Amino acid sequence: MHDGELTYASLFDASIDSFIYAMDKEGFPGIKVVVTETGWPTDGGEGASIKNAFVYNKEVVKKVMDNVGTPKWPNEEIETYLFDIFDENMKIGNEYEKHFGIFGLDGNNVYNLTFH
């Protein structure tokens, strides 16, 4: 994806920078962005799989730990929270909503995500 001189390799970067551009345009430059929930389901919907969840979350953790920022804000820290720690079998909604956990209902890792 291209936006003028900036090149985007992920939707994660494009969604964050879109927000930053919008806030700048509305007269609120320099707003710190905090990603309060991001994740990928392991089951219950199209594209939901343990492999996809692991790869997505691994890349988010790597990006945040490396402090690479976004094309608009390179080398800036992006405070980010993964959704979710545990699967939630009692959650109401679409089936995939129950399957965002890094840990399953039994407390065991669904996949081995590291934070270093």
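This report walks through a predicted model of one protein chain, from its overall layout down to single residues.

## Ground rules

Because the model is predicted, local features need pLDDT of at least 70, side-chain atom pairs count only at pLDDT 80 or more, and totals for chains, interfaces and linings use all residues. Residues are numbered from 1 along each chain as its sequence is written, and side-chain values use heavy atoms, with hydrogens and water left out.

## Overall layout

The protein chain has 2 helices and 4 strands. Here helices (H or I, at least four residues) and strands (E, at least two) are DSSP runs, numbered from the N terminus. Read from that end, the elements go β-β-α-β-α-β. The C-alpha atoms fill a box of roughly 45 × 30 × 25 Å, taken along the principal axes.

Of the 116 residues in the chain, 29% are buried. Buried means under 20% relative accessible area, exposed means over 50%, and partly exposed is in between (1.4 Å probe, protein chains only). Now for contacts, meaning heavy atoms within 4.5 Å: among those with a separation of 6 or more, 46% are between residues 24 or more positions apart.

The predictor's confidence in each residue is its pLDDT, on a scale from 0 to 100. The chain averages 93, and 97% of the residues score at least 70. Among the elements, strand E4 has the highest mean pLDDT (96), while strand E1 (residues 2-3) has the lowest (60). Where pLDDT is low, the predicted coordinates should not be read in detail.

Helix H2 has 17 residues and reaches 24 Å from its first C-alpha to its last, close to the 24 Å expected at 1.5 Å a residue. That expected span is 1.5 Å times one less than the number of residues.

Within H2, the buried residues are Ala53, Asn57, Val60, Val61 and Lys63. They cover an arc of only 160° around the axis, so they sit on the same side of H2; the arc is that of the directions from the helix axis to the C-beta atoms. What do the buried residues of H2 pack against? Their partners are helix H1 (11-25), E3 and E4.

Asn67 is partly exposed, with a relative accessible area of 34%.

Asn75 is found in the loop between H2 and E4 too. Its phi is near 65°, again a positive value in a residue other than glycine. Asn75 is exposed, at 60% relative accessible area.

Thr80 belongs to strand E4 and is buried, with a relative accessible area of 19%. The Thr80 side chain reaches the backbone oxygen of Ile78 at 2.9 Å. Leaving aside neighbours within four places in sequence, Thr80 is in contact with Phe12, Val35, Thr38, Val60 and Val64.

Val34 lies in strand E3 and counts as partly exposed, at 35% relative accessibility. Not counting residues up to four places away in sequence, Val34 touches Glu79 and Tyr81. The C-alpha atoms of Val34 and His116, 82 residues apart along the chain, are separated by 20 Å.

In the segment after strand E4 (79-82) you'll find Asp84. A cis peptide bond joins Phe83 and Asp84, with omega at about 15°.

## Aromatic pairs

Rings of Phe, Tyr and Trp (its six-membered ring) pair if their centres lie within 6.5 Å; planes under 30 degrees apart count as stacked, over 60 as edge-to-face and the rest as tilted. By this rule, there are 5 aromatic pairs. One of them is the tilted pair of Trp40 and Tyr56, at 5.6 Å centre to centre and with 40° between the planes. This pair links distant parts of the chain, 16 residues apart: Trp40 is in the loop between strand E3 (34-38) and H2, and Tyr56 is in helix H2.

Are Trp40 and Tyr56 buried or partly exposed? Trp40 is partly exposed, with a relative accessible area of 32%, and Tyr56 counts as partly exposed at 23%. Elsewhere, ring pairs link Phe83, Tyr96 and Phe100 into a cluster.

Definitions and conventions. A polar contact is a pair of N or O atoms within 3.5 Å; within protein, one must be able to donate a hydrogen and the other to accept it, and residues adjacent in sequence count only if both atoms are side-chain atoms.
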